[in-house]
Amino acid sequence: MTRPLLAGIHHVKIPVTDLARSVAWYSDVFGLRVTMEFPDPDGILRGVAGEVPGLGDTLLTLRVNPQAAEGCQGFDPISFAVADHGDIQSWSAHLDTLDVHHSPVIEASVGWLLVFGDPDGLQIHLYSWAAHGLDHSDKPGYGRPGHPLPAQPSH
């Protein structure tokens, strides 16, 4: 039997503690346009989903979940792609205008990287598709060519 194919990423769900604050922040930083709301059984709004320019059909979803938001502090579950070094620099300038603290532009494993946190401390990475051409594979924490892991027997 052949493995069926995936058709992309439907949505990215980010846990938040304060929905209104996070909607405002993601709207200011990324241009989030809310298209769907998720109220709980009591009618209290606990989540939203929407479109972000540049993500195509992939939706960005924010869901109130304080325990998950706390557990994700300092973690970087997703890297949003940008084209090249110029785009990373443009994002750096954009974040400066919003007073969003961010890293300097980093020469990452393959491309350029910009790191910053959302209101709950989730680390967001902007990573360029364009490669810088430098080999950092000898540095701790940087990527290097991998080898496929041996297949595990299924039970």
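Apart from its neighbours within four places in sequence, His102 is in contact with Ser92, Leu95, Asp96, Leu114, Val115 and Phe116. The model in which these contacts are found is a predicted one.

**His102**

- His102 sits in the loop between α3 and β6.
- Is His102 buried or exposed? Its relative accessibility is 16%, and buried means under 20%, so His102 counts as buried.
- The side chains of His102 and Asp96 are joined by a polar contact of 2.7 Å.
- The His102 side chain also reaches the backbone oxygen of Ser92, at 3.4 Å.

**His101**

- His101 lies in the loop between α3 (85-97) and β6 (106-107).
- With a relative accessible area of 72%, His101 is exposed, because the word applies to values over 50%.
- Leaving out residues up to four places away in sequence, His101 touches Phe116 and Gly117. Phe116 is also among the contacts of His102.
- Between His101 and Gly71 there are 21 Å in space, C-alpha to C-alpha, and the two are 30 residues apart in sequence.

**Helix α3**

- How does the span of α3 agree with its 13 residues, at 1.5 Å a residue? The helix should span 18 Å, and its end C-alpha atoms are 19 Å apart, which agrees.
- Ile88, Ser92 and Leu95 are buried in α3. Down the helix axis, the buried residues of α3 fall within an arc of 65 degrees, so they line one face of the helix.
- Asp84 caps the N-terminal end of α3, with a side-chain oxygen 3.2 Å from the backbone nitrogen of Gly86.
- After α3 comes Asp99, which has a positive phi, near 60 degrees.

**Aromatic rings**

- How many aromatic pairs does a search of the whole structure find? The search finds seven.
- In the pair of Phe30 and Phe80, the ring centres are 5.3 Å apart and the planes are at 55 degrees, so the pair is tilted.
- This pair links distant parts of the chain, because Phe30 is in helix α1 and Phe80 is in strand β5, 50 residues apart.
- Both Phe30 and Phe80 are buried.
- A cluster linked by ring pairs contains Trp25, Tyr26, Phe30, Phe80, Trp91 and Phe116.

- Strands β2 (residues 33-39) and β3 (residues 45-51) run antiparallel and are joined by six bridges.
- Phe38 stands opposite Gly47 in β3.
- The hairpin of β2 and β3 has five residues between the strands, and in this hairpin Gly43 takes a positive phi near 85 degrees.
- On to the next pairing: β3 and strand β4 (residues 59-64) also run antiparallel, with four bridges between them.
- Which residue in β4 does Gly47 stand opposite? Gly47 stands opposite Arg63.

How values were computed:
Residues numbered from 1 in each chain as written. Predicted model: local features only at pLDDT ≥ 70, side-chain atom pairs only at ≥ 80, totals over all residues. Heavy atoms only, no water. Pairing = 2+ DSSP bridges. Helix = DSSP H or I, 4+ residues; strand = E, 2+ residues; numbered from the N terminus. Buried < 20%, exposed > 50% of the residue type's maximum accessible area, 1.4 Å probe, protein only. Contact = heavy atoms within 4.5 Å. Expected span 1.5 Å × (residues − 1). Arc of directions from axis to C-beta. Polar contact = N/O pair within 3.5 Å; in protein donor to acceptor, adjacent residues only side chain to side chain. Phe/Tyr/Trp six-rings, centres within 6.5 Å; stacked < 30°, edge-to-face > 60°.
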